[in-house]
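Here are a few notes on the charged pairs and one greasy spot, as promised. Have the viewer open while you read.

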Amino acid sequence: MGLYRAVARPLFFTLPAEASHSLAQRLLDLPLPWERIGAADPDPRLRTTLAGIALANPIGLAAGFDKTGERLDALGRLGFGFVVGGTFTRAPRTGNPKPRIARYRARESMVNAMGLPNPGAEAAARGLAQVPRTRPRFASIADEAVEDAVIAHSLLEPHLDAVELNASCPNVSWGRDRDNEAHLAKLLRELGARRRRPLFVKLPPFRTDVERDVVLSLARIAQEGGADGLTCSNTRPVADRHLAVSRGGLSGRALFDDTLRIVGEVHRATGGTFPISACGGVTSAGEALACLEAGATTVQIYTGQIYQGPRLVGRITSGLANAPRGSAFDPADRGGA
Ligand SMILES: Cc1cc2nc3c(=O)[nH]c(=O)nc-3n(C[C@H](O)[C@H](O)[C@H](O)COP(=O)(O)O)c2cc1C
């Protein structure tokens, strides 16, 4: 068992989830040797491109871990191929009342109803201007009104390598109770006229046939509307009596089987070449490899880091660098692609 699981995690887990997250953020402010702590495999054969962006490896940090964007430099130095900050909205938000994160240790999962607390796009852009770019960095944006999302995008995009449009958050209303398809199409039209950098759309997960139809339709709208790729998926909405708002989004290991199925279905529905970032429950190199084999170009992680610590990116990248011959991600076939 590594140092994180033996020592750091039990200490973190004596605190409520949000307090331990704040502690982790404060640790990231320290000038520690994050490259050595993350220990990402530098094998050049792990290099990948996502919508023209050169990545040292295909493993990204998912949105929501750094909600202000102030630690994207330290997080990049852990060795992620790319890091996603936010989600940012045009105006600052305080989010939902606490408690808003519950841990489910036995399943290495969590349920959160953060409600998108963030400093707002203007303050976030000012902050990002001061934060060194250690790895390609993206930011997630979301807003109920198209006009607000367009303004948030224009403020943030100059400080980023790409933007991820959060079309999926269970904690903002436009993800569920309005005409999602028309809304996404309009947003992509408005952004398409202005944007300079790649734009990804993060989709919700699906289980039922009805949800599946909606999500696959959103995927096609994103593709036809000029997006550069998709992130599949966000958390799964569930009831949870431990949270002040009694509902939240499930993340972590419990999502993995769904992630694999969803990536495969979205990959087929979008013609097999549209870039997909798999996201949801990936905690090992084998699972990351399975996502890449199902059609993903990259893989994002969040909850796995909470349970397995900062070396997870190192373990996953080393596992990929040693992927068996003949697998979809056979580094020997890639020749340092
Ligand atoms: C506490 C918490 C906050 C999150 N906040 C955001 C967010 O602001 N925007 C977003 O797109 N996803 C957010 N997510 C979802 C993650 O980016 C990711 O899609 C989800 O957790 C599934 O990946 P995982 O199982 O590796 O955690 C959040 C997840 C957690 C656990």
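1. A word on terms before the details: a residue counts as buried when its relative accessible area is under 20%. Keep in mind that this is a predicted model.

2. By that cut-off, Arg 236 and Asp 258 are both buried. Their side chains meet in a salt bridge, at 3.0 Å from N to O. Arg 236 sits in strand β11 (residues 236-239) and Asp 258 in helix α9, so to speak distant parts of the chain, 22 residues apart. The pair also belongs to a network: salt bridges with shared partners join Arg 207, Arg 236, Asp 258 and Arg 261.

3. Helix α9 (residues 256-269) also holds Glu 265, while Arg 212 is in helix α8 (residues 209-224). These two form a salt bridge, with the closest N and O atoms 2.4 Å apart, so the pair ties together parts that are 53 residues apart in sequence. Glu 265 is buried at 15% relative accessibility, whereas Arg 212 is partly exposed at 31%.

4. What does Asp 29 form a salt bridge with? The partner is Arg 71, with 2.9 Å between the closest N and O atoms. Asp 29 lies in the loop between α2 and α3, and Arg 71 in the loop between β3 (59-61) and α4 (72-77), so this pair links parts 42 residues apart in sequence. Asp 29 is partly exposed at 47%, but Arg 71 is buried at 14%. The salt bridge count comes to 20.

5. Now the greasy spot: Leu 27, Leu 30 and Leu 32 make a nonpolar surface patch of about 210 Å². Leu 32 is in the loop between α2 (17-28) and α3 (34-38), and is partly exposed at 33% relative accessible area.

How values were computed: Residues are numbered from 1 along each chain as its sequence is written. This is a predicted model: local features need pLDDT of at least 70, side-chain atom pairs count only at pLDDT 80 or more; totals for chains, interfaces and linings use all residues. Side-chain values use heavy atoms; hydrogens and water are left out. Patches are made of residues with over 30% relative accessible area and no salt bridge: like charges are joined within 9 Å, nonpolar side chains (Val, Leu, Ile, Met, Phe, Trp, Tyr) within 5 Å. Accessible areas come from the Shrake-Rupley method with a 1.4 Å probe; for residues, only the protein chains shown count as cover. A salt bridge is a side-chain nitrogen of Lys or Arg within 4 Å of a carboxyl oxygen of Asp or Glu. Helices (H or I, at least four residues) and strands (E, at least two) are DSSP runs, numbered from the N terminus. Buried means under 20% relative accessible area, exposed over 50%, partly exposed in between (1.4 Å probe, protein chains only).
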